[in-house]
Amino acid sequence: MRIRQSSNFFLLGVTAGLPLTGLIFFGYTTIWFRSQQMDNFGRTDVVTLTPWLAPVVWTGTFDSKMIDSIYKHQNITVATTVFALGKYTRFLKDFLESAEEHYFDGFRVHYYLFTDQPEAVPEVKMGENHRLTVRKVPSLDRWQDISMGRMEILEKLIADELMHEANYIFCLDVDTKFYGRWGSETLGNLVGVIHPWFFDYPRESFTYERRPESKAFIAVGEGDYYYTAAAFGGTLEEIHRLTKTCREQLNADHENSIEAIWHEESHLNKYFLYNKPTKLLSPEYLWRDINISAGQIRIVRFSHVAKNNAEVRPNL
Ligand SMILES: CC(=O)N[C@H]1[C@@H](OP(=O)(O)OP(=O)(O)OC[C@H]2O[C@@H](n3ccc(=O)[nH]c3=O)[C@H](O)[C@@H]2O)O[C@H](CO)[C@H](O)[C@@H]1O
Ligand SMILES: [Mn+2]
């Protein structure tokens, strides 16, 4: 009897114990493996978190598959605006073709293209769930007015149409090209892109507007980063507030006969001083083809193409 009992215990031990040990071993190794995977994310050669705890997106700091799966679940639409007036229509083909290769692949994207020459818009095959709407806008004589005028057009577009049509929006320069992935890792409530000239410069060297008469004025010693106006984005509510504020400040300056040194970019920097971006994109997300390479930039995802300003702009 005793022997039978103990052999039963032995059998129980083998049948239940072995799989249990296996399970524990499997559990531990999975956790170990996961933590090893997590350990692979993060960079020590660049700043990846601002003092107000907003992430700065660099390659090596995120898992694109994981972030994609989060946003796929939410079935989002990303509105994307671009302007091409006058001779800038020549940039459209490369911009659109490269975007179709690298920009929000697998997500719903709706491009809104503003131009004074709809007939000059090239035929570019759109990927699944990507579409393009062309809007005609009047020509303007000064490139500065074209560039600054974007704020008012975007403000109206968002208020009149996009608020309930899309979840996120990005506003991009057209004299640009995509070279690598720009995807769901860039999504956030209010997203600014660090300017490729100033990312490793001290704030005293930033070209903020320094005249107190302008609404874009930022005092020496203030400011966090120098942001480019060639790319910014966020939720529709946030970007509506941003474009409305910048448009109002631009108008106020105009009435006082002052134009900020870098136009709407100066006003955007002022806005971001008081309304901190919730996510920052590293200069991987706006490089310049003409820049020499920098060690921290391991991948160029989006870049300003070389252009001859005197040749493409309507004025100097
Ligand atoms: C790298 C960077 O920070 N770029 C900014 C910078 O110079 P950029 O030299 O990049 O300005 P830009 O000439 O590209 O003009 C801005 C944008 O306005 C549009 N456009 C302009 C002129 C024209 O004739 N037709 C036309 O369509 C076009 O979408 C272009 O991409 O300063 C500008 C205003 O000072 C904007 O803030 C740009 O975003
Ligand atoms: Mn540009």
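The shell around ligand 1 comprises 11 nonpolar, 6 polar and 5 charged residues, where Ala, Val, Leu, Ile, Met, Phe, Trp, Tyr, Cys and Pro count as nonpolar, Asp, Glu, Lys and Arg as charged, and the others, Gly among them, as polar. This is a predicted model, in which local features need pLDDT of at least 70, side-chain atom pairs count only at pLDDT 80 or more, and totals for chains, interfaces and linings use all residues. Residues are numbered from 1 along each chain as its sequence is written, while chains are lettered from A and ligands numbered from 1 in the order in which they are written.

In total, 22 residues surround ligand 1, the closest being Tyr88, Asp173, Ala229, Ala230 and Glu265; a residue is near a molecule if its C-beta atom, placed from the backbone, lies within 6 Å of it. The elements tabulated below each supply at least two residues of this shell. Helices (H or I, at least four residues) and strands (E, at least two) are DSSP runs, numbered from the N terminus.

| Element | Residues |
|---|---|
| Strand S2 | 77-84 |
| Helix H4 | 143-162 |
| Strand S8 | 227-235 |
| Helix H6 | 264-274 |

Glu265 lies in helix H6, and an unreviewed UniProt entry lists Glu265 under "active site"; such annotations may be inferred rather than shown by experiment. Glu265 counts as buried because it has 24 C-beta neighbours inside 10 Å, the cut-offs being 20 or more for buried, 12 or fewer for exposed, and partly exposed in between. Leaving aside residues up to four places away in sequence, Glu265 touches Thr228 and Ala229, contact requiring C-beta atoms within 7 Å.

In helix H3 (residues 92-102), Phe95, Leu96, Ser98 and Ala99 are buried. Their cover includes S2 and strand S6 (176-178).

Terms used:
Two residues are in contact if their C-beta atoms, placed from the backbone, lie within 7 Å.
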